[in-house]
Amino acid sequence: MSNEVRVWVDGALVAADQPALAALDHGVTVGDGAFETCKIVDGQVFAADRHYARLDRTLAGLGLPPADREVIEQGVAAVLGAGPTIGFGRLRYTITAGLGPLGSDRGDSGMTYIVTAAEVPPFAPSVAVATVPWTRNERAATAGLKTTSYADNVIALAHAKARGASEAIFGNNRGELCEATGSNIFVVVGGVVRTPALSSAPLAGITRELTIEWARAAGIEVVEEALPMSVLETCDEVFLTGTTRDVHPVHRVDDRELPAPGPVTTRVQQAWAAASATEINP
């Protein structure tokens with residue numbers, strides 16, 4: 001597997017270690033921007049239209065105009081065509097507010113467009129997760145938005161990894177189960193798949209959305225609802241969903257061991273595999 005990261009910024013391919021952003025770009029000075037991470041399958045972007053729609057929801061939530069999809073597509077074509085076909089990988093495009101002052105006020109120079117792509121290894125068959133002492137703020141201005149301000153996630157993930165886990169689980173300020181740093185969480189209770197409702201402030205994950213749709217189409221009951229953090233102490237199964245994870249079983253939550261995959265998670269994995277194999281842009 002190649003470790004190369006292909007990078008395109010505002011119309012040009014650049015080396016991954018080459019400076020390509022202005023020091024006063026608002027994405028650098030205050031983390032003012034939005035991004036999407038998409039799965040690459042045999043050189044194609046999976047669920048591209050859903051990712052574009054969510055990007056525009058995030059930009060609108062930040063008070064920024066919709067993205068220019070033609071510009072992003074230029075970057076996507078450039079990075080995907082800059083080397084051998086990427087069989088399995090990650091494509092990320094980031095839109096920042098562009099040049100601005102050294103504070104929270106924005107400039108008017110136009111937005112910055114960044115597109116990157118790289119091969120990634122598949123995840124292990126199952127994963128350990130750890131809950132963290134910090135919370136998501138369900139009343140925050142950025143609740144549910146996929147912004148470039150990820151410091152909370154960096155801190156939480158380091159906390160989880162120090163405890164032998166590879167993903168961190170947040171609650172919200174109401175004590176409800178919310179999400180992981182880069183994935184959504186599902187639990188199985190009494191044979192029913194349950195996941196935090198969007199009112200609990202998780203990101204509206206694309207894989208989450210498709211998992212719910214495809215599981216229900218396969219006859220699996222899925223409920224979106226507010227869940228207490230304590231459900232992780234009593235549930236029968238846990239799995240994560242994410243861009244390159246797909247449906248990813250959890251074998252340990254903190255010190256609690258779980259079957260991975262459990263029988264219901266296995267059915268969800270099978271539903272995902274069957275449906276995702278039929279269409280690249282569902």
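The protein exposes about 12,600 Å² of accessible area, and carbon and sulfur atoms supply 53% of this surface; such areas come from the Shrake-Rupley method with a 1.4 Å probe, and for residues only the protein chains shown count as cover. The structure is a predicted model, in which local features need pLDDT of at least 70, side-chain atom pairs count only at pLDDT 80 or more, and totals for chains, interfaces and linings use all residues. Residues are numbered from 1 along each chain as its sequence is written, while side-chain values use heavy atoms, with hydrogens and water left out.

A welcome starting point is the overall fold. Six helices and 15 strands make up the secondary structure of the protein; here helices (H or I, at least four residues) and strands (E, at least two) are DSSP runs, numbered from the N terminus. The C-alpha trace spans about 55 × 40 × 35 Å along its principal axes. A compact globule of 282 residues would have a radius of gyration near 19 Å, and the protein, at 19 Å, agrees with that expectation. The radius is taken over C-alpha atoms, and the globule rule is 2.2 Å times the number of residues to the power 0.38.

Of the 282 residues, 49% are buried, where buried means under 20% relative accessible area, exposed over 50%, and partly exposed in between (1.4 Å probe, protein chains only). Among contacts with a separation of 6 or more, 71% join residues 24 or more positions apart; a contact means heavy atoms within 4.5 Å. The protein carries 22 positive and 33 negative side chains, and the centres of the two sets lie 4 Å apart. Lys and Arg count as positive and Asp and Glu as negative, without His and the chain ends, and each charge is placed at NZ of Lys, CZ of Arg, CG of Asp or CD of Glu.

Next come the cysteines. The count of disulfides is zero, a disulfide being a pair of cysteine sulfur atoms within 2.5 Å.

Thr 181 sits in the loop between strand S9 (177-180) and strand S10 (184-189), and its relative accessible area of 9% makes it buried. Beyond neighbours within four places in sequence, the contacts of Thr 181 include Arg 136, Tyr 150, Glu 167 and Phe 170. Ala 160 belongs to helix H4 (residues 151-161) and is buried, with a relative accessible area of 0%. With neighbours within four places again set aside, Ala 160 touches Ala 130, Ala 165, Glu 167 and Ala 168.

Some backbone details lie in loops. Ala 260 and Pro 261 are joined by a cis peptide bond, with omega about 0°, and Pro 261 is placed between strand S15 (256-257) and helix H6 (263-276). Asp 10, not a glycine, has a positive phi near 45°; this residue lies in the loop between strand S1 (5-9) and strand S2 (12-14) and is partly exposed, at 46% relative accessible area. Asp 42 also has a positive phi, about 50°, although it is not a glycine. Its loop runs between strand S3 (33-41) and strand S4 (44-45), and at 56% relative accessibility Asp 42 counts as exposed.
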